[in-house]
Amino acid sequence: MATDYDEVRPDVAEARKASLEAVKSANAPDARSVSRDLDEEDTSDGVELAGADLSNEELTVTVVPQKEDEFLCGSCFLIRHRTLLAREANGVAYCRDCEG
Ligand SMILES: [Zn+2]
């Protein structure tokens with residue numbers, strides 16, 4: 001009886017090892033799918049945050065790094081050189097490309 005248990009135990013241990021390796025090898029694709037899910041969640045969160053930031057234009061303008069001779073176009077949101085400044089309204093600058 002006891003001998004039977006001793007014979008079974010190594011088999012169980014091997015089975016556990018095999019299942020562990022199976023889990024390890026299965027972890028790689030699993031991690032990818034998990035990261036995909038995280039990416040999707042991050043994207044949706046980013047969209048929500050970006051939407052919230054749009055309601056606070058002053059904060060957005062402050063965060064964007066720009067040199068003294070550059071401005072952030074309030075229409076295309078590109079950093080433009082001051083020479084391309086076409087119009088400024090309500091503290092928002094617009095480049096020549098957007099003003100036509
Ligand atoms: Zn523009």
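Biologist: Does Arg87 count as buried, exposed or partly exposed?

Modeller: Keep in mind that this is a predicted model. Arg87 has 38% relative accessibility, so it counts as partly exposed.

Biologist: Which residue does the side chain of Arg87 meet in a salt bridge?

Modeller: Its partner is Glu99, at 3.1 Å from N to O. Arg87 belongs to strand E3 (residues 85-89) and Glu99 to helix H3, so the bridge ties together parts 12 residues apart in sequence. Glu99 is partly exposed too, at 34%.

Biologist: How many salt bridges are found in the whole structure?

Modeller: The search finds 2. Arg80 pairs with Asp97, with the closest N and O atoms 3.0 Å apart. Arg80 sits in strand E2 and Asp97 in helix H3 (residues 96-99), 17 residues apart. Arg80 is buried at 16%, whereas Asp97 is exposed at 57%.

Biologist: Which residues coordinate the zinc ion?

Modeller: The SG atoms of Cys73, Cys76, Cys95 and Cys98 do, at 2.2 to 2.3 Å. Their spacing in sequence is C-x2-C-x18-C-x2-C. Both Cys73 and Cys95 are buried.

Biologist: Why is the arrangement around the zinc ion tetrahedral?

Modeller: The general idea is that four tetrahedral donors ideally make angles of 109.5 degrees. Here the 4 donor atoms subtend angles of 104 to 116 degrees, which makes the arrangement tetrahedral.

Biologist: What pLDDT does the protein average?

Modeller: The average is 73, and 51% of the residues score at least 70. Among the elements, E4 has the highest mean (96) and helix H2 (residues 57-63) the lowest (56).

Conventions
Residues are numbered from 1 along each chain as its sequence is written. This is a predicted model: local features need pLDDT of at least 70, side-chain atom pairs count only at pLDDT 80 or more; totals for chains, interfaces and linings use all residues. Side-chain values use heavy atoms; hydrogens and water are left out. Donors are N, O and S atoms within 2.8 Å of the metal (3.2 Å for Na, K and Ca); water is not among the atoms, so sites may look incomplete. Four donors count as tetrahedral if all angles lie between 85 and 135 degrees; four count as square planar and six as octahedral if opposite donors are over 155 degrees apart and all others between 65 and 115; anything else is irregular. Buried means under 20% relative accessible area, exposed over 50%, partly exposed in between (1.4 Å probe, protein chains only). pLDDT is the predictor's confidence in each residue, from 0 to 100. Helices (H or I, at least four residues) and strands (E, at least two) are DSSP runs, numbered from the N terminus. A salt bridge is a side-chain nitrogen of Lys or Arg within 4 Å of a carboxyl oxygen of Asp or Glu.
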